[in-house]
Amino acid sequence: MCLNTGYPCDCLTHGNPCEPCRMTVKDREREEAHLSNDINVPGRSGSTCEPELNIHSNGVMKERGRNFGLMLSGIICLNILILGCALVSGSAYKDVNISSSDLQVFLIILLLLTSIWMVYYVVFTARKEDAIAYKDCHAGPVWLRGGLVLFGLLTIIMDIFKIASYVGYLHCDSAVKVAFPVVQLVFVVLQTYFLWIHAMDCVELQRNITRCGLMLTLSTNLVVWMTAVTEESLHQTTVPEYSSNTTKLSGRNIYSRAGYGDDTCKCSHTSCSLFKEAYYYLYPFNIEFSLFASAMTYIMWKNVGRVTEEHGHHKIKFRPTEVFLGPVAGVLLVVAGLATFIVYEMEILKYNRDEDKKDKVVMIHFVMNIVIVTLMSVSTVIGCAIYKVDHRDHVSDKNPTRSLDVGLLVGASLGQFIISYFSIVAMAGTGAKGYLNRLNLAWAILMVIQLGLQNYFIIEGLHREPFHEVQQISVLANPYVLQPGKDLSILEGSDMETKPSPVLTEDSLPNHTAEHRPKLLWKRRVLKEVCAFLLLGNVILWIMPAFGARPQFDHATETEFYQFNMWAAVVNVGLPFGIFYRMHSVASLFEVFLTS
């Protein structure tokens, strides 16, 4: 029977279907097979459904393996963090029978295990070419890795000072206290190299092992961070021993037992106190190194098995000559803040027992902080106003780096929010009597405003597409363009001497482009000036608390209102997060500066 009735053919005569009939048969068979797949008709051919089953089963197996790896690595991280938190908390109290040596043995084990895994990862990825198929260009920008290297170098110097100090106690104290900084030094060097080379990796092979190793690295850095924060907090907030003054510190010029070596063990050389004082000033860099490494490790963990689009990233250049007012004003702010901070630290130790002179020093510190926070708030309002007239699109694609930046920014700011609100309640509860209390209240309120405005400014900037520069349009002369009256054969046989096509110049560009460029450059300039000023403002707000400024204890109103133990807990928990917030804001503002 001829299937192509509308087309004259002789397939009925010869019995063989012609080409149109064969095409019609194939189309009908394909349609029937498609319909049978849709309605799940029994009896369809097995060759049609086997690939689908294989694809479905492979997807299920991959999803199960991914869930297993995530669950196992999360359990490892959670257990290490809880155990480390218990040991760190117990070693901070004299009444708990956990010594600093016990904590350091635990840290040494973690550091060694993590170092072994990082060596294995580096060797494995070097031998397997297909282990890393994709790179996440957002995960390890140069400025973030550069900050990691800087903090790593300063942490190495701190470990060297620790070794030089603890060697003097070997004759009467545990050798673990010397072994720990040695192991940490090796760990810092290895981890800095590891993250510098592999921070952008999206691992495709041995995913579960990689997830567990990265969670081990993350938990190790967090335990080291908790240890350093606890030692620094104990060093800055010594609980008073005498009963006549239970609400104030016994003096900021004495060391707590966070400095290793007790009273019965004397140093064998005269430089112990010098090295001890030196490495305490380097603790903030060790803290920031651990947090930077933790954030970068978390991004690597999220990128395991991830497929990224390498062509979707914009090439951004850093041009410091594009701004002037913001950096100059920021540098002046940093210099003024450093000057008042140095005076504050020197005078507060000198007049610790003289209440009148100490109040004047604290007043200088309060005034300087109010000026800094006020100027930063005003500049942030200007930046937010520019966003209202900025019509750049928001970033549509999702990546773990951006989500982590926003999460850390909001989460870390909670520490400073807590301290500020506790101060506001204490000042309001006591009536804010006296100029110091009024200044403290104003500082706390302005700090809350500045944190909220800055969070909005940074988050909005991180979610905006980078500015696209208007390139000068030029048209090159094409020698193969046919001129009127010429034939192609004549053109090919000639010496290719043709008249150049007209080239567009700036004068011939459309008028709307020339009118649009000044507006774009003006908005970019203002945003860059604001980012530069806020960046330097956050630098000085990081320096002051990171290197010992504790007006929360030098001004006694909150201590008397909440009692020392409660207020010390609030400050010692919230302040490390507030310090990290300032450093994280510096990194985020630098990225907003580049994309602007």
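Q: What should I know about the model before we start?
A: This is a predicted model, in which local features need pLDDT of at least 70 and side-chain atom pairs count only at pLDDT 80 or more, while totals for chains, interfaces and linings use all residues. Residues are numbered from 1 along each chain as its sequence is written, and side-chain values use heavy atoms, with hydrogens and water left out.

Q: How many helices and strands are there in the protein?
A: The protein has 18 helices and two strands. Both are DSSP runs numbered from the N terminus: helices are H or I with at least four residues, and strands are E with at least two.

Q: And what share of the residues count as buried?
A: Of the 596 residues, 46% count as buried. Buried means under 20% relative accessible area, exposed means over 50%, and partly exposed lies in between (1.4 Å probe, protein chains only).

Q: Let us turn to α18. How does its span agree with its number of residues?
A: Helix α18 covers residues 564-595. Its 32 residues should span 46 Å at 1.5 Å a residue, and the end C-alpha atoms are 46 Å apart, which agrees. The expected span is 1.5 Å times one less than the number of residues.

Q: Where is the kink in α18?
A: The kink, of about 25°, lies at Leu575, shortly before the proline Pro576. The bend at a residue is the angle between axes fitted to the seven residues ending there and the seven starting there.

Q: Why is α18 described as largely enclosed?
A: Because 26 of its 32 residues are buried, α18 is largely enclosed by the rest of the structure.

Q: How does α9 cross α18?
A: The axes of α9 (residues 283-302) and α18 come within 11 Å and cross at roughly 65°. Axes are lines fitted to C-alpha atoms, for helices over the stretch in contact, and angles run from 0 to 180 degrees between N-to-C directions.

Q: Is that crossing left-handed or right-handed?
A: The crossing of α9 and α18 is right-handed. A crossing is right-handed if the near helix is turned clockwise from the far one by less than a right angle, and left-handed if anticlockwise.

Q: Which residues make the contact?
A: Glu288, Leu291 and Phe292 come from α9, and Ile579, Phe580 and Met583 come from α18. By class, the contact has five nonpolar, no polar and one charged residues. Here Ala, Val, Leu, Ile, Met, Phe, Trp, Tyr, Cys and Pro count as nonpolar, Asp, Glu, Lys and Arg as charged, and the others, Gly among them, as polar.

Q: Is Glu288 buried or exposed?
A: Glu288 counts as buried, because its relative accessibility is 1%. Not counting residues up to four places away in sequence, Glu288 touches Phe151, Trp542, Ile579, Phe580 and Met583.

Q: How many residues of α9 are buried?
A: In α9, 17 of the 20 residues are buried, and the helix is mostly covered.

Q: What about Gln563?
A: Gln563, also not a glycine, has a positive phi near 75°. Its place is the loop between α17 (557-562) and α18. With a relative accessible area of 45%, Gln563 is partly exposed.

Q: Finally, what does Gln552 touch?
A: Gln552 touches Ile419, Glu558, Thr559, Trp567, Val571 and Leu575, not counting residues up to four places away in sequence. Gln552 lies in helix α16 (residues 551-554) and counts as buried at 8% relative accessibility. Asp554 is also in α16, and at 6% relative accessibility Asp554 counts as buried.

Note on methods
Contact = heavy atoms within 4.5 Å.
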